[in-house]
Amino acid sequence: MNDIATLEQPKTQLSADKRRLAESRERARRLLEGGATGLQTAAALSQAVDAFVVELYRRELARLSLADQARVEKQAAIVAIGGTARGDIAPHSDLDLLFVFRPPVRQTFQDLAGRLVRSIWDAGLSLGHSIRTVGETLSLARQDPEVATTLVEPRRLCGAEDLFAELQRRFVRIVVRRRGSSFVADCIRGRRNEQLKHGATSQQLQPDVKRSQGALRDLHLIRWIGFARYGTADLDSLRLQGALSVDDVRRLKAAWEFLTRVRIELHCAAGRAQDVLSRDEQLRLATERGLSDRPGRRGVELFMQEYFRHTSAVAEIEERFARRNQRPPLARRVARLLTAHRSDGLYRVGHDWIDMPPRQRKRLAGDLEAILKLYQTAALYDVDLTPEMVDAVKSAAAAAPPELTSGAAAAFVRILACTRPLGRVLRSMSQTGVLERVVPAFADVRSLLQFNQYHSYTVDEHSLRAVEAATDFDGDPGPLGECYREIRHKHILHLALLLHDLGKGRAEDHSEVGRRIAEETAARLGLTEHDAETLVFLVHKHLAMNHLGLRRNTADPEVLLPFSRQVGSPETLRMLYVLTAADLTAVGPGVWTAWKAELLAEFYDRLMVVLSGRRYEYHERQRLEAIRRHVHAAVVPLAWEDERLQGWIDRQLDALPPHYLGALSPADIAADLDRVRGLAPGEVRIDARWDAETGAVDYCVVAPPDLAEGCFHKTCGALTGRRLEILTAQICTTTDGVVLDRYRVLDRDFVGEVPPERMDEVAGTIRRALLGEAAPPAFQKRMRFDGRPQPGLPSDLPIRVTIDSETSDRATIVDVFAHDRPGLLYTITRTLYELGLSVELARISTHLDQVVDVFYVTDREGRKIADADWLRHIRDTLTARIEEFENQ
């Protein structure tokens with residue numbers, strides 16, 4: 001009976017420990033909900049956890065003999081380190097403890113600590129711990145910056161006070177002071193590596209509130225550097241020593257509170273450690289804060305705008321504080337001073353910095369023209385402002401009047417004419433508040449989130465990245481680089497990129513708002529009438545080349561000629577082309593692809609033909625005649641064939657659509673005609689070719705007339721069933737009724753070249769589908785094309801089907817906007833087939849949270865559809881089928 005009681009007692013104790021920990025977490029949640037601040041809640045939770053650990057320790061200590069208890073109490077201690085020491089923990093944070101001891105009690109204390117660690121884990125706390133002597137701890141801290149930073153703000157929980165004091169004293173002397181600049185450099189280097197791993201932008205759309213740039217860890221870095229340089233990690237103490245300004249400390253404290261509260265809320269909602277602010281959590285927290293949608297801006301976007309304003313402030317202050325306190329060796333400092341030179345009698349310019357004497361900095365106060373001339377000089381020498389100059393400019397810009405003098409406007413325009421340093425200069429101007437003094441509309445989009453899965457950055461970050469993308473084209477050897485270098489008025493292009501999305505966050509279409517912003521900015525900067533008109537056009541029509549180039553048949557004169565008239569001149573076309581490419585590049589990783597580059601380059605070339613003064617119709621006739629000559633020469637007649645072959649080739653070329661003839665080389669057209677000519681009865685011929693330049697695979701499908709019916713949707717189903725992402729489809733039928741279709745696809749199952757056996761496997765799947773030897777494809781609802789699970793979409797963008805019967809003379813254009821997932825394209829194409837429509841050309845591209853599938857369709861006799869009732873029926877049927885598919 002006594003043995004049973006002995007076994008039951010630990011179980012009872014463990015249940016009590018778990019219950020106590022759960023109650024502590026629940027009290028923290030109630031505190032937060034009851035109006036306590038995030039930092040107050042964290043402090044209360046920290047006190048509860050401290051008391052719990054000390055109680056567990058006392059319990060284990062009591063199991064020792066009285067003599068051992070006395071020895072351990074005098075020669076060992078439990079020390080909170082890292083976040084546990086700072087007291088800014090969340091409900092499910094790891095507990096960071098150092099069990100420190102002197103050698104005489106090594107075995108006894110290690111055994112005790114081992115039992116205590118098991119008790120802590122069993123109770124439900126995650127633990128990061130070490131059991132070491134002071135010497136062992138300091139030796140490791142000298143080698144590992146991550147260990148060293150946990151010891152910056154230690155806190156004794158229990159045990160020998162003199163041992164804890166020794167640890168602190170020796171840490172400061174041996175690790176911090178003796179290593180000095182190396183300690184600071186190690187801290188900064190470690191943090192930069194962590195930022196790269198968890199998000200190297202303060203405006204990451206699903207950020208880690210602890211580790212992403214501008215998050216809590218950057219606040220920790222400021223404290224670590226402050227401790228090393230000024231002997232204190234306290235923000236107010238750093239302010240009193242002049243290390244941080246009053247405004248810096250105010251913003252850092254506000255961010256600390258905001259981020260701490262968000263982190264606690266994430267932990268409470270998840271019931272576990274959760275530091276990633278996912279889209280679902282963003283929606284939940286915005287709702288809990290009562291942030292409702294307003295015209296042009298959702299509640300969740302308002303919440304994330306506040307979040308990003310805090311993280312941007314932290315990132316900017318941390319970067320400036322780190323730069324100021326990274327002291328290079330004496331020899332380098334001396335060389336820096338010796339190599340610097342004077343500029344304009346005001347500035348000191350080094351190889352990578354610009355500064356002003358402290359007394360001269362006062363001249364900047366409230367003088368925007370002087371500030372912009374400073375930035376102009378920085379751009380001229382391709383250097384950055386020193387941290388001290390950044391502080392001076394921030395203060396001076398805040399006092400600048402809203403009016404812009406002609407001298408200030410001229411200085412800003414000269415800055416915009418730069419190339420390589422422009423991105424860095426504009427970023428600095430954004431951080432110091434100068435940019436929104438020049439362009440007031442920039443303030444409205446600062447930290448503005450676009451809550452969709454298309455954009456990876458906030459509006460202000462996207463705008464700056466777009467400028468950087470354009471200036472990067474200066475070194476591009478391809479058509480974009482050539483085009484960028486030919487642009488004479490680069491300042492207009494750069495300004496258009498800066499302004500193009502500033503109309504977002506309003507109820508009205510952002511291009512229309514942007515047009516007015518461009519007009520106001522042009523007047524504010526005193527641009528000439530011609531430059532102002534160009535700027536307004538570029539901002540207002542910044543999406544036009546993207547939409548037409550990726551979603552329309554750009555070989556169609558009905559597309560080319562009206563748009564070329566809108567553009568007006570080769571110089572404007574060059575700017576619009578570069579702007580379109582830079583805009584797409586700045587959306588996020590992987591958005592600008594070789595396929596999009598190819599399509600836009602083709603569109604640009606065709607538009608340039610028109611704008612260069614040549615008649616497009618004459619140019620097209622010349623091009624088609626050249627194709628005809630090349631194909632005749634390339635197709636080699638068989639021995640039994642005679643001159644009738646030439647007539648057969650002419651008939652095929654006359655019947656093939658312009659988009660096919662415009663997209664393929666004469667050699668490819670000749671090869672296709674050879675395939676058609678050699679097709680055996682009942683044969684389905686499929687050829688595949690890997691295109692290294694675009695990273696895509698081209699499949700050419702040739703099938704006899706009796707298999708033509710439903711060929712398009714069956715092929716789409718076969719390709720999608722094999723997890724291939726279809727980019728374009730060109731649908732053709734020869735005069736003999738032979739199917740001649742081409743598909744360009746991405747195969748995300750492979751990185752780099754797709755192996756021949758994979759292409760053969762896909763070809764076999766298509767062949768079986770067309771011959772009726774395979775069942776209709778089945779699709780997994782929540783899978784991407786690359787096979788990874790597809791998360792639920794937080795977008796509420798509606799399904800939309802639009803029909804354009806005006807742009808093309810040959811066909812009716814159907815645009816389908818829907819949420820992307822495998823099976824969607826098959827559903828659409830099968831519905832088009834069941835509606836009695838034939839598809840000539842298809843293009844698929846991503847747009848916001850949706851794909852835009854574009855189809856050029858005719859009736860089965862090849863006629864354009866014009867009847868309004870029939871067009872309405874097509875639209876309604878497609879919408880209903882897609883909605884049914886999405887609700888499956």
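Biologist: Hi! How many residues are in the protein, and what share is buried?
Modeller: Hello! The protein has 888 residues, and 55% of them are buried, meaning under 20% relative accessible area with a 1.4 Å probe, protein chains only. This is a predicted model, where local features need pLDDT of at least 70, side-chain atom pairs count only at pLDDT 80 or more, and totals for chains, interfaces and linings use all residues. Residues are numbered from 1 along each chain as its sequence is written, and side-chain values use heavy atoms, leaving out hydrogens and water.

Biologist: What is the mean pLDDT?
Modeller: The mean is 88, and 91% of residues reach 70 or more; pLDDT is the predictor's confidence in each residue, from 0 to 100.

Biologist: Where does pLDDT stay under 50?
Modeller: Residues 1–7 do that, with zero contacts beyond four places in sequence; a contact means heavy atoms within 4.5 Å. Residues 780–795 are also below 50, yet this stretch has 39 contacts in the model beyond near neighbours in sequence.

Biologist: New topic! Which residues touch the most other members of the largest nonpolar core?
Modeller: Leu372, Phe412, Met429, Leu535 and Met545, out of 104 residues in that core. A nonpolar core is a set of buried Ala, Val, Leu, Ile, Met, Phe, Trp, Tyr and Cys residues joined through side-chain atoms within 4.5 Å.

Biologist: And what is Met429 in contact with?
Modeller: Leaving aside neighbours within four places in sequence, Met429 contacts Leu372, Tyr375, Phe412, Ile415, Val434 and Leu435. Another core lies apart from the largest one, with 61 residues including Leu167 and Ala243.

How values were computed:
Buried < 20%, exposed > 50% of the residue type's maximum accessible area, 1.4 Å probe, protein only.
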